[in-house]
Every structure is written in C-alpha cells, then in structure tokens.
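I opened the model and kept notes as I went.

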Amino acid sequence: MIVNSPEWKALEQLAEQSRRWHLREQLQNKHRCDAMRVEYDDIVLDYSRQNMNPETLQALLKLADAAELGKKIEAKRTGKAINTTENRAVLHMALRADPEDDYRVDNEAVTPLVIDVRRRIAAITQAVRQDKHLGVTGKPLRNVIAIGIGGSYLGAEFVFEAIRQHPSCADASAGRQLRFLANVDPADFHRATEGLNPAETLVVIISKTFTTTETMLNARAAKAWLSEALGFEAVSKQMLAVSTNIPACEQFGIQREHIFGFWDWVGGRYSVCSAVGLLPLALHFGWQNIEQFLLGARSMDQHFLSAPFAQNLPVLLGLIGVWNSSFLKRPVRALLPYSQALHRFAAHIQQVDMESNGKLVDRDGRALPLEAGEINFGEPGTNGQHSFYQLIHQGRVIPADFIGFCRPQTSVKLSDNRLDLHDELMANFFAQPDALALGKTEQELRAEGVPEALIPHKVFPGNRPSNVLLFPELNPYRCGQLLALYEHRTAVQGFIWNLNSFDQWGVELGKVLAQRVKSVLQTDNLEGSENLPFSTQQLLSKY
Ligand code: F6P
C-alpha cells in the first residue's frame, strides 16, 4: 500500500516540518515563487501560496512514481478497463479527439464513432437553427429543454452558463432559450416550461441508462406537455434523446434518427463532451462554438498526456490536492472563480470529484488506509467574500483555488472611466490569496492604533494555502480547457490513492430505499410501512 512506501513516509515528515513555515516569509523568496509558477498555453498556475516548497514538490513527484501515475494515465489513454468494478474503459478524452487521434477500446477504434455522432449533432443543429427542421405546427424551434440529472445535467449547465455571454455565443443564441430540467420537484418542471410555447420547443432527454427515475418522470411530464398542446405527433418531431440505451429511447417514442448515442466507456460525470453536453449546447450556440469548446478540452488532454509532471497543470493540481488532504489533513477545498459566468462550476466539479473519489476501498476492494476524496464547495467571487470567506480567513484552514480571467466577457464602464467593473473584480482576485497567505499580525494592528480589546478579533493568522489560476479569457475554448483540467485533477488524485475514481456504488442504496418508500406511499393506508424504521413510519404518517 502506498501509505507504507518510503515516499509516503518522507512526505509525512515534510508535512511535520512544514508546520514551522509561514507564507509571510516564504513569499519573500523570489526564487521559490518563480519555481512554483507554471504556464501552459497562456494559463498560469501559481502555487507559491501552498504550504509547501519546491522540495515538497520533488517528494510528491517521487510519490507519483511510486504510485505508478504515468502507467495509470497510459492505461487510461489506451482504453484499458481501469473501471474494474464495471469492467469498463474510461475514455472521455476520446470524446474531444481529432480524427487522427487513435483511441481504442478492446482494439476497436472509437474515434470514428465519436466523429460520426458529432457529425449527426452538427447536422441536426444546422437543420434546427436554419429552420429546416421545424416543429409539428411548422413553427421554428427556438427553445430547448434539456432533461437529465447528475452527470447528464450538471456539466452541460456549467458550460452553458460559462459561455453564454461570450460575444460569439451571445450572438449565436440570440432569440433562443436553453433551459435545464433536473429535479423531480414539480416546481422545477414549472420553472423549465414557464413562458415557453410548446410549438417552438424541442425537448432533449438525456440519460445514459434511460432508467433514472427523476429523468424518466420529467420526460413523461414533458411528453404530456407537448402532446396535450400539439398532439401526439409532436413527440416524434420535437423530442430527441441522448443515451447509451437506444432500445429504451425507441420504446419511449423517440425516432431512431433523433437518438444520439454514447458509450459505456464514458462515465456520466465525464460525459459533457459526448452528445450529453454537445447536443443541447450546439442547438443553442451553434456548432462552431462547440467545436471550440472541444478543441480546448483536447488541448488540455494533450498537455496532460505529454507535459513532464513538474510542468503538468492537472498533475500539479492533483498532487497539491493529495498534499493538502492526505498530509496536511485538510479535507475541504474551495473553488473560487472570479467570474459570475462560472457560478455553476463548483456544482459540476462537486460531482466530478466527490462522486469519483469519495470511496472507502482501494481498486482491489481493500479498506483504504486514509480518508480519500475531498469536500468541494464554492461560489464566485466577490460574492463569496461577503459570505463564507470569514471562516476561510479566521476560522478553519481551507485550501482554495482562485480562478480568474485577464479579459472580461462583457464590459461595463463607469462614467468617470477610471476603473471598470472587471478591474474591481480582479483587484479582489489578486488581493484575496495574499490576504489569506500573509494575514495580519498583532504588531501590525497595534501600529495602526487598533484598541487592545479588539486586537485578538482583528488578527488574521495567514499562512492559508491557495492556488491562483489565471486564464486569458473565458471563451468556449478556455471553458473546455478548464473542464478537462479539473477532470484530470480528480483522476490524478484517485490514481495516487489507488482507488477506482470511475464507479459510484455509493449512490445506489438511497435509490433502493426510495423505491421501498414509494411502494408504501402508493398504498391507501401506508401498508408495508411496518418494515421501515419506526422514525420513518412516524414521518410518513405525518406526510
Ligand atoms: O445517481 C448518480 C448517477 O448514476 C450519476 O452517476 C449519473 O450521472 C446520474 O445518476 C444520471 O444517470 P443517467 O445518465 O443514467 O440518467
């Protein structure tokens, strides 16, 4: 086990030593800071505010070797069944492949399959957007409701929000609406359909299995919504599906040419670049924008596969995550984009990371000797600053990723023309990591004349770690890079901890118990509830 390796022990010792360091001194060492900044394709990762040194990185790189990180990445790239509990390859990288990239599963070339689905998406997108594929009453289809949950929803919504105000996307989607429907709460259905004319609306049902309860119920509700307004013919004209379960889609009433497949080697939470994300996003933003998004994701894949680990952004983020969580015992991390467009980023990465690495056992089913997986949360800055940052500055130590952009998607100038809103946003982006790292001492407060009684309340301990990621701008290409960066980060951590990041058995039990409750609710007198815990029986009778 990796925890018994000399490399792990060496890092435990370094972690002990690191408690004596303070970022206030460390940040004065220019040589150290320069060594802890890397750049790829104009994306800067500055990790000089981590509680580590270049020496720590060397030790982490040795750990990566001991954990056979390179071999595991290669097994992933070459389509080995690294999702062992489901005997599946993990090849979401193939979803953004160029035609010449040779990805294979069981020796079958999968790139041509991917390209074929992309071609079909581009074709229907063009037909809908050029008013050639019309609704059943002959009206142009201006709106899309994408129905799906978890991996069949969060990624697409994150990308939608991230790029929709970028000029090329805003122009291409003028007069169109894309809505998402995930929750089985009836309120979500009403929000998704509110104000939309069924005659102008396409419904895309997105479900890898095409059995997920929430999605299937919402799909049935949408089918009723369309057919009550337009007749049953609307189902075959205005409903599309994305799934690996083609027979179930057909049985639901979706026409074969309106079904867009993907494959069991694409995990739900890694499926944004399959038809799961591409179809609704392309219908809304046009194919060109989506091609850029795929190019961005591929560029990060290529970097991940080829850059030396010490210069490799996803590898560095993953190793820093392991350092913070396994060695410094900090199990939470904050995702802090200084971009309102990324307000759904943390929600997506929560699933990517927590469903992947929230595991009890290693790849071979042995109890993990450590607490793997991290708790991810976040909100865009500066909003978060007026909310939970208090705890990050003076309460618990929570490693943070600050994500910022040199250029805004849109600009608003103030009348005096001195500082625009984006500069204000970014001033905070640059200041917060330093505030966390440097803190404020009693002496500094005294020198400012702060009353003695207030000094303990106003001290900032500092020495709080963060990464700073600076991108040139947030366009579809950069959004693809950001997505792939964080997908690979999660894989790196799972590889080091030697767990299977690609299954999710932990979501099953709740689904089974909900079925049991449902069968009780369907009876007149809560029959069968006596088999449920006493507390649950009481709650059900109140319900
Ligand atoms: O319940 C969790 C989960 O299985 C996710 O892993 C998946 O992304 C989501 O449900 C939706 O599943 P499907 O795409 O099959 O509807």
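Where is the place of aspartate 41? I found aspartate 41 in the loop between strand S1 (37–40) and strand S2 (43–46). Strands here are DSSP runs of E with at least two residues, helices are runs of H or I with at least four, and both are numbered from the N terminus.

This is a predicted model: local features need pLDDT of at least 70, side-chain atom pairs count only at pLDDT 80 or more, and totals for chains, interfaces and linings use all residues. Residues are numbered from 1 along each chain as its sequence is written, and side-chain values use heavy atoms, without hydrogens and water.

Backbone. I read a phi near 50° for aspartate 41, a positive value in a residue other than glycine. I also looked up the peptide bond from glycine 381 to threonine 382, which is cis, with omega near 10°. Threonine 382 sits in the loop between strand S11 (375–378) and helix H17 (389–394). Most residues other than glycine have a negative phi, and most peptide bonds are trans.

Helix pair. The axes of H4 (residues 54–66) and H15 (residues 313–327) come within 10 Å and cross at roughly 100°. Axes are lines fitted to C-alpha atoms over the stretch in contact, with angles from 0 to 180 degrees between N-to-C directions. H4 and H15 are therefore roughly perpendicular (65 to 115 degrees). On H4, the contact (heavy atoms within 4.5 Å) includes Leu57 and Leu60, and on H15 it includes Trp323 and Phe327.

Ligand. I listed 14 residues around the ligand, with Ser152, Ser207, Lys208, Thr209 and Thr212 the closest; the cut-off is a heavy atom within 4 Å. An oxygen atom of the ligand is 3.0 Å from a side-chain N or O atom of glutamate 355. For lysine 511, the corresponding value is 3.1 Å. The protein buries 87% of the 400 Å² that the ligand exposes when taken alone (Shrake-Rupley method, 1.4 Å probe).

Notes: Angles under 35 degrees count as roughly parallel, over 145 as roughly antiparallel, 65 to 115 as roughly perpendicular and the rest as oblique. A polar contact is a pair of N or O atoms within 3.5 Å; within protein, one must be able to donate a hydrogen and the other to accept it, and residues adjacent in sequence count only if both atoms are side-chain atoms.
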